[in-house]
Amino acid sequence: MIFDYETLKLITWLLVGVLLIGFALMDGFDMGIGALLPFLGKTDEERRVIINSIGATWEGNQVWFVTAAGAIFAAWPIVYAVSFSGFYLALLLTLFALFFRPVGFDYRSKLKDPRWRSTWDWGLFVGGFVPALIFGIAFGNLLQGVPFHFDDELRAFYTGSFLALLNPFALLAGVVSLSMLVMHGAVYLQIRTTDVIHERCKKAVKLFGVIFIVSFAIAGVWIAYGIDGFKVISMPALDALPNPLAKTVEIAPGAWMSNYETYSWSMLLPALAFVGAIIAIFWSMFNAPVLAFIASSMSIVGVIMTVGMAMFPFVMPSSTNPSHSLIVWDSASSYLTLTIIFWASVIFIPIIIFYTSWVYSVLRGKITVEHIRDNEHTSY
Amino acid sequence: MIDENVVDLSRLQFAITAMYHFLFVPLTLGLSFLMAIMESVYVMTNKQIYRDMTMFWGKLFAINFALGVTTGLTMEFQFGTNWAYYSHYVGDIFGAPLAIEGMMAFFLESTMIGLFFFGWDRLSKRKHLMVTWLVAFGSNMSALWILIANGWMQNPVGAEFNYETMRMELTSFAEVIFNPVAQVKFVHTVAAGYVTGSIFVLGISAYYMLQKRDLAFATRSFAVASGFGLASILSVILLGDESGYTAGEVQKVKLAAIEAEWETEEAPAAFTAFGFPNQETQHTDYAIKIPYVMGIIATRSLHEEVLGIKDLIKIGEQHIREGMIAYGLFKQLRKELKEEGKVREETKAEFEKYKKYLGYGLLLKKYTVNVVDATEEQIKKAALDTIPPVAPLFWAFRIMVASGFLILLVLLLSFYFTATRTIVNQRWLLWGALFAIPLPWIACEMGWVVAEVGRQPWTIGGILPTHLSVSTRTAGELYFSIAGFIVFYTVLLVVEMYLMFKYARLGPSSLHTGRYHFEKETVK
């Protein structure tokens, strides 16, 4: 193998980042569009236009999420274990919300009854809105630290409650992720539609773009001055066998800013988030949604990397026993497993991007009300 | 101590959600292949009817696929939400096939599925055919990786316990992939999926024939299904799962429990065709035995013995005693590591000798946290625990096998009368095919009961007891999530069945091509 264990642990962190970014970019706009569906589509046909703009491709996009979760399971088993069991009720709500999507897309237009269709429309709304919000809330909680600790045999105990997850900062983070994905979704929908829906998309981009910029700015100030970060005081060598109990960590005000202070170039990451959103709004207004889509994608990349950079090397800090926090260096799988995940990613992610691009190029083009009428029985 | 309620409820929830998920998986596996075959015929012969067949069965495929995806998400969440200690303890091995499944298979299947439905007018014939094959290939590759993961739970090869990281770690990925249990399971499971798809198409086509409508469409679908189905059921039966039961100790226990073989019999052992196994008295009441059969099935030989349950309990007890030593040494190692920063070589060498049985030591955790202080009575209890519940296994296995042979009969007859071109006149057989539709589902579900109930008391055979694998959540949260799953899954199943019946009854007329039964009657 070309890398040592230490490097491989770092690559794993980057890989999880890539998969999360892939998820936010691809499934993100599906969720955003789901959340917009009942509002941008006033009639049944308009709603079908919106649904069919993503209907053929959303399924593949969702796999970014499945794969990201699978990769976390494989590469950071203990993070997967603690986060999924810790956020138990929140994750189940997300899961139940996600249930609405596969069935919503496929079943909605199979019957003509308007109540049936409207029920599934709201189902698709829930399937977009709830996960987009909860993922943000989850990150909001990660930034504040999560109440968990281990016993000597590494059994995790989570001592928080579901309602405690819904604290003000976490809700703000939820607004950030929701508005970010809705903006992104509206931009994508603008590419795929014409006329009245196209115009409504522009309004949505503007509205949610501004909400995103404002909420992201407040969250940034809050992190810098209002929230205590975490700092590693001492730990074993970076290439040591992973043991989350072997280090000491303390909670320190402003600690989440320390990476930005050390590496000043990294301030470009939050800048990218802001600039991307501003450019997205701008291009959307001037009817260049493809450019706007690239810009909103950059904005999402900026947001996720901003959070990653602030927390590094922390993945899941513990608020009740900071020294039990999970960090990049002590949460990883064995050297062999990381090697396998590395090669699988190097081989398959380019292949995935290749055939996904092919599928999008085959299915490109505007979806219109006429298109729906012509394909009454084959469209969603 | 771990809350027993949480363990039971977590198991119940997993059983409900996994069995529910598997209502949809086998049809996806089988139907995707059948669609690919039909479309291949279309591309080769250029006959429109085969395109219609692909599209119509594709419509039913979509209704089923939507729920397969919905319920599959649950499975991926659930290891983390409800089996956190498991996820930590074996994630190093178990996670990799799941991650690779996503990257290699599920991505392909899910990306291509959209193009399958919406690409008919945008792709050349050959390209569309390629897409259909990629969907089928993707779904089958998915099954491969999932069954590699499951096979490892049954027979955990290529991994070792590491006392420093407090988990199992991968030592050979090749061993995990080429695990004989996984390989046998893969073939058995996907072939069962092909049978499910075939019986589904066969039964619904029979219905059209009974109704005397869309005969050209129905007989052709019937013919494809009977041929593919017959080949598949033969491989399901001939390459039965139990051929994997000789690999690994836990699999042997499972085999003995399936057969309710309490005493070790002289080779070749008899097969108990019928009876009422009683775990309390360790005896099967009213047993009807067929000589030789079981020995041959289980060992593929006339000379090898099949160990009986009572002897296996004795072996289990021995392992538990060794496991207690292993656990004591493991605690010693952790202590030395903590206090002295490194371990003593003698302790380590001693632990290496016993660590194989650490999992058996962990079985005692159900009765005493410290393991090493277990009483004789607790050891005896834990030894009894090493045997899974015999009666459910005994019955599930027999129901599965009986369904399998009924399916074989239906397919043999269907194939014969298709070959003689008289199938439309065999109304009794058409009724038989229609009512055979539930059989593959019964067989598949029972097969999983055998596989997973038979794995008890372990999540990872011989390594990690089910009892220890759960997350530290409360029973109240479990009640909430189980209730949520039951409500959602019931509603979704009703909706799915409604649409499935509606579209199956409508038949190819649902394509609105103007060529089929209901469109000819009404002016459109």
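In this predicted model, Y89(B) is in contact, beyond its neighbours within four places in sequence, with F161(B), M166(B), R167(B), M168(B), L358(B), L362(B), I463(B) and L464(B). Y89(B) also belongs to the largest nonpolar core, a set of 315 residues, and is listed there among the residues with the most contacts inside the core, together with Y107(A), F212(A), W57(B) and F200(B). The element that gives the most to this core is helix α4 of chain B, which spans residues 84-118 and supplies 20 residues. As a general background to such an arrangement, nonpolar side chains tend to be buried together in soluble globular proteins.

L439(B) counts as buried because its relative accessibility is 15%, below the cut-off of 20%. Apart from neighbours within four places in sequence, the residues in contact with L439(B) are S403(B), L406(B) and I407(B). The C-alpha atoms of L439(B) and V195(B) are 9.9 Å apart in space, although 244 residues separate the two in sequence.

Between the two chains, the contact draws on 75 residues of chain A and 85 residues of chain B. Chain A and chain B together bury about 7,200 Å², of which 71% lies on carbon and sulfur atoms. On the side of chain A, the residues that lose the most area to chain B are Y88(A), E153(A) and R155(A), which together account for 11% of what that side buries. E153(A) also takes part in a salt bridge with K365(B), in which the closest N and O atoms are 2.9 Å apart. Across the interface of chain A and chain B, four salt bridges are found in total, and 28 residue pairs, both members at pLDDT 80 or more, are in polar contact. The elements of chain A that give two or more residues to the side touching chain B are the helices α3 (58-75), α4 (77-86), α5 (88-107), α6 (114-144) and α13 (335-362), along with the strand β2 (156-158). By residue class, this side of chain A divides into 52 nonpolar, 16 polar and seven charged residues.

In chain A, the bond from F312(A) to P313(A) is cis, with omega near 5°, and P313(A) is found in the loop between α12 (289-311) and β5 (314-316) of that chain. In chain B, the bond from Q456(B) to P457(B) is cis, with omega near 5°, and P457(B) is found in the loop that runs between α17 and β5 (458-460) of chain B.

Positive phi values in residues other than glycine are found at L154(A), where phi is near 65°, and at H512(B), where phi is near 55°. L154(A) lies in the loop between β1 (148-150) and β2 of chain A, whereas H512(B) lies in the loop between α19 (475-506) and α20 (517-521) of chain B. With a relative accessible area of 4%, L154(A) is buried, while H512(B), with a relative accessible area of 32%, is partly exposed.

Methods. Residues are numbered from 1 along each chain as its sequence is written. Chains are lettered from A and ligands numbered from 1 in the order in which they are written. This is a predicted model: local features need pLDDT of at least 70, side-chain atom pairs count only at pLDDT 80 or more; totals for chains, interfaces and linings use all residues. Side-chain values use heavy atoms; hydrogens and water are left out. A nonpolar core is a set of buried Ala, Val, Leu, Ile, Met, Phe, Trp, Tyr and Cys residues joined through side-chain atoms within 4.5 Å. Buried means under 20% relative accessible area, exposed over 50%, partly exposed in between (1.4 Å probe, protein chains only). Helices (H or I, at least four residues) and strands (E, at least two) are DSSP runs, numbered from the N terminus. Contact means heavy atoms within 4.5 Å. Buried area is the accessible area (1.4 Å probe) that two parts lose on being put together, summed over both. A salt bridge is a side-chain nitrogen of Lys or Arg within 4 Å of a carboxyl oxygen of Asp or Glu. A polar contact is a pair of N or O atoms within 3.5 Å; within protein, one must be able to donate a hydrogen and the other to accept it, and residues adjacent in sequence count only if both atoms are side-chain atoms. Ala, Val, Leu, Ile, Met, Phe, Trp, Tyr, Cys and Pro count as nonpolar, Asp, Glu, Lys and Arg as charged, and the others, Gly among them, as polar.
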